[in-house]
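Dear colleague,

I am passing on the structure we spoke about, and below it you will find my notes on what I found there. Please read them with the structure open beside you.

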Amino acid sequence: MTTFSPLLTRLTNHLTISDQQIEQIAVSFTQAIEDGLTEKSSPLKMLPSYLAKPTGQETGIYLALDFGGTNVRVLLIELLGQGQSAIRVHSCQPLQDYLSPHTSAEALFNAIAAAIGRLAPPGVVCYLGHTFSFPSRQQSINHAVLLDWTKEIKTAGMKGRNVNQLLQEALIRCRFPNVIPKAILNDTTGTLLTGVFQHPSTDIGSICGTGHNTAYLEPHSPLTGQPMILNLESGNFDQLPVTYYDIILDKTSDNPGRQCLEKMVSGRYLGELLRLIATDLFPEIMARAKPGQPLATPYALTSEDITRLLSDHTPVLDNISNWLNDRLQLPNSSLKQRTALKQIAGLLIARSARLIAATYLGTLRHIDPECSSPHAIAIDGSLYEKVPGYAQTIRVALMAALGEQAEQVTVNLVKDGSGIGAAIAAAIAVKSGA
Ligand code: BGC
């Protein structure tokens, strides 16, 4: 039987982010924002959105396309004014259903246009906002060029192309010319816009889900000198204390050397980190693992598995035992093994939440170094919403670092933030005549 203790002690040391490290990361994050704004080399992309805060008085019925890392959602949303909105109908399909290794950009957008067409009110013009959750360089509110795929997605022939145009052409090809894509935005921007509807002091929007990223309201955008929401693409931040496992995961990923923070914190990667660590923790199991056995299969574990581990509060971790048996085909686990797995899941989740809190701190200090006015952080995503203890860990880390200034800062879950934000962006675009 393996002795876990030395490895567990080492992992605990390497995966724990101290308060002091949070401070250091926040300082380098603020510096990276300031470098990015002044066109110095920076891991942060500082992408303009051509959007500022909504008034809350936006009204009308809009279609929203939410093209994220996991699902493609189409929503028909009514904005009711006074910061109110209602989702009238929606559809949701796993992104994987749209992708095969040979899917072309045109085929992908034909399928998306068909899904939009099923929800579009027939015979009337309907404006659409498109949340496209990948790094894109915007040239206006309705023109965005894909810079790079992230989250291990890789449809060929899309990099460098205007995503809104691809959608518009597909809508015409599929005979839905009455649907007019008016705005394109990142999901973090959408979450920020929706956050403002609920808490007008919102100036940071973030996704903690399959992917990770943050946008904020820059008071003096380099493009216009006016307030504008900038997409940091903070998943690419890289001044971080990486471990041996982070390095292995990066090397074997689709985009080595990129998205360092995202690979340490987001749902797409946490299960894989757990798997890599578990293979070292259970060498005797690995020696016997057959091909196809989940522990021997990259990306077989997901953040849902981590949630399952952390949700087991039975005295001898019976649920984890069942999970090992059913999901990993590993019967007869020992309590020691189950405890170790749960401990690692907890360490990975705490590290993720604390690293992200450090980046929020860095962003807040850029916006308002003295924290002299109220700020709200709007967050959407499955990790923040569903993983036990995640939201609380972010809040505690942030509040500890802010000390007395903590009373100025609130952190809020904004469900469906990116979809509703797409409708808000479409309303803004229509009003501005874009
Ligand atoms: C993308 C971001 C996106 C984030 C959350 C990242 O992989 O690069 O653009 O905001 O995922 O979906």
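How far does a polar side-chain atom of K151 lie from an oxygen atom of the ligand? In this model, which is a predicted one, the separation is 2.8 Å. The side chain of E233 likewise places a polar atom 2.5 Å from a ligand oxygen, whereas F134 contributes through its backbone, with an N or O atom lying 3.4 Å from an oxygen atom of the ligand. Of the 310 Å² of accessible area that the ligand has on its own, the protein covers 99%. The ligand is surrounded by 15 residues, and the closest are T150, K151, D187, E233 and E262.

Finally, I looked at Q293, which sits in the loop between α9 (283–288) and α10. Its relative accessibility is 7%, and because buried means under 20%, Q293 counts as buried. The side chain of Q293 reaches the backbone nitrogen of L295 at 2.7 Å, and, leaving aside residues up to four places away in sequence, Q293 touches L328, Q329 and L330.

How values were computed: Residues are numbered from 1 along each chain as its sequence is written. This is a predicted model: local features need pLDDT of at least 70, side-chain atom pairs count only at pLDDT 80 or more; totals for chains, interfaces and linings use all residues. Side-chain values use heavy atoms; hydrogens and water are left out. A residue is near a molecule or strand if one of its heavy atoms lies within 4 Å of it. A polar contact is a pair of N or O atoms within 3.5 Å; within protein, one must be able to donate a hydrogen and the other to accept it, and residues adjacent in sequence count only if both atoms are side-chain atoms. Accessible areas come from the Shrake-Rupley method with a 1.4 Å probe; for residues, only the protein chains shown count as cover. Helices (H or I, at least four residues) and strands (E, at least two) are DSSP runs, numbered from the N terminus. Buried means under 20% relative accessible area, exposed over 50%, partly exposed in between (1.4 Å probe, protein chains only). Contact means heavy atoms within 4.5 Å.
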